[in-house]
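Biologist: Please take a close look at the charged side chains in this model. I would like one connected account of how they are paired and placed.

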Amino acid sequence: AVGAPFTWSPKVSFIARFMTIYATVIAVTKDLPDVEGDKAYQIDTFATRVGVKRIAQGATFCLFANYVQAIMTGLLAQAG
């Protein structure tokens with residue numbers, strides 16, 4: 001629209017990566033509180049197929065890894 005070429009700067013890449021993982025975890029875990037209702041009404045969801053515990057553990061690991069990569073990016077990035 002403005003004629004400027006798009007390039008992935010390190011800052012844009014970091015924010016895009018961090019927020020994509022964060023939003024994905026939120027999307028996957030948002031149905032966990034209602035898994036009993038889903039089972040009762042035979043609604044097929046990721047949580048009913050895989051199980052609340054496994055999804056919660058996977059989500060916890062993903063968020064932990066996401067924050068570790070954010071911290072490591074901050075520690076290892078070049079100044080500026």
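**Charged side chains and a nonpolar patch**

Modeller: Ile-71 is found in helix H4, which covers residues 52–76. I begin there for contrast, and the charged residues follow. The model is predicted. With a relative accessible area of 53%, Ile-71 is exposed. Ile-71 belongs to a nonpolar surface patch together with Phe-64, Val-68, Met-72, Leu-75 and Leu-76. The accessible area of these residues together is about 650 Å².

Now to the charges. Side chains of opposite charge can pair when their charged atoms come close. Counting a side-chain nitrogen of Lys or Arg within 4 Å of a carboxyl oxygen of Asp or Glu, the model has two salt bridges.

One of them joins Lys-30 and Asp-31, with an N to O distance of 3.2 Å. The side chains of Lys-30 and Asp-31 are also joined by a polar contact of 3.2 Å. Lys-30 sits in the loop between helix H1 (10–29) and helix H2 (35–40). Its relative accessible area is 57%, so Lys-30 counts as exposed, because the exposed class begins over 50%. Asp-31 has 30% relative accessibility and is therefore partly exposed. Along the chain, Lys-30 and Ala-47 are 17 residues apart, and their C-alpha atoms are separated by 9.6 Å.

The other salt bridge is between Arg-49 and Asp-44, where the closest N and O atoms are 3.1 Å apart. Arg-49 is exposed at 56% relative accessibility. Asp-44 is exposed as well, with a relative accessible area of 56%.

That leaves Asp-38, which lies in helix H2. Asp-38 is buried and yet has no salt bridge. The nearest side chain of opposite charge is that of Lys-30, 8.4 Å away. Lys-30 has its salt bridge with Asp-31 instead. Leaving aside residues up to four places away in sequence, Asp-38 touches Asp-31, Ile-43, Thr-45 and Thr-48.

Conventions: Residues are numbered from 1 along each chain as its sequence is written. This is a predicted model: local features need pLDDT of at least 70, side-chain atom pairs count only at pLDDT 80 or more; totals for chains, interfaces and linings use all residues. Side-chain values use heavy atoms; hydrogens and water are left out. Patches are made of residues with over 30% relative accessible area and no salt bridge: like charges are joined within 9 Å, nonpolar side chains (Val, Leu, Ile, Met, Phe, Trp, Tyr) within 5 Å. Accessible areas come from the Shrake-Rupley method with a 1.4 Å probe; for residues, only the protein chains shown count as cover. Helices (H or I, at least four residues) and strands (E, at least two) are DSSP runs, numbered from the N terminus. Buried means under 20% relative accessible area, exposed over 50%, partly exposed in between (1.4 Å probe, protein chains only). A polar contact is a pair of N or O atoms within 3.5 Å; within protein, one must be able to donate a hydrogen and the other to accept it, and residues adjacent in sequence count only if both atoms are side-chain atoms. Lys and Arg count as positive and Asp and Glu as negative; His and the chain ends are not counted. Contact means heavy atoms within 4.5 Å.
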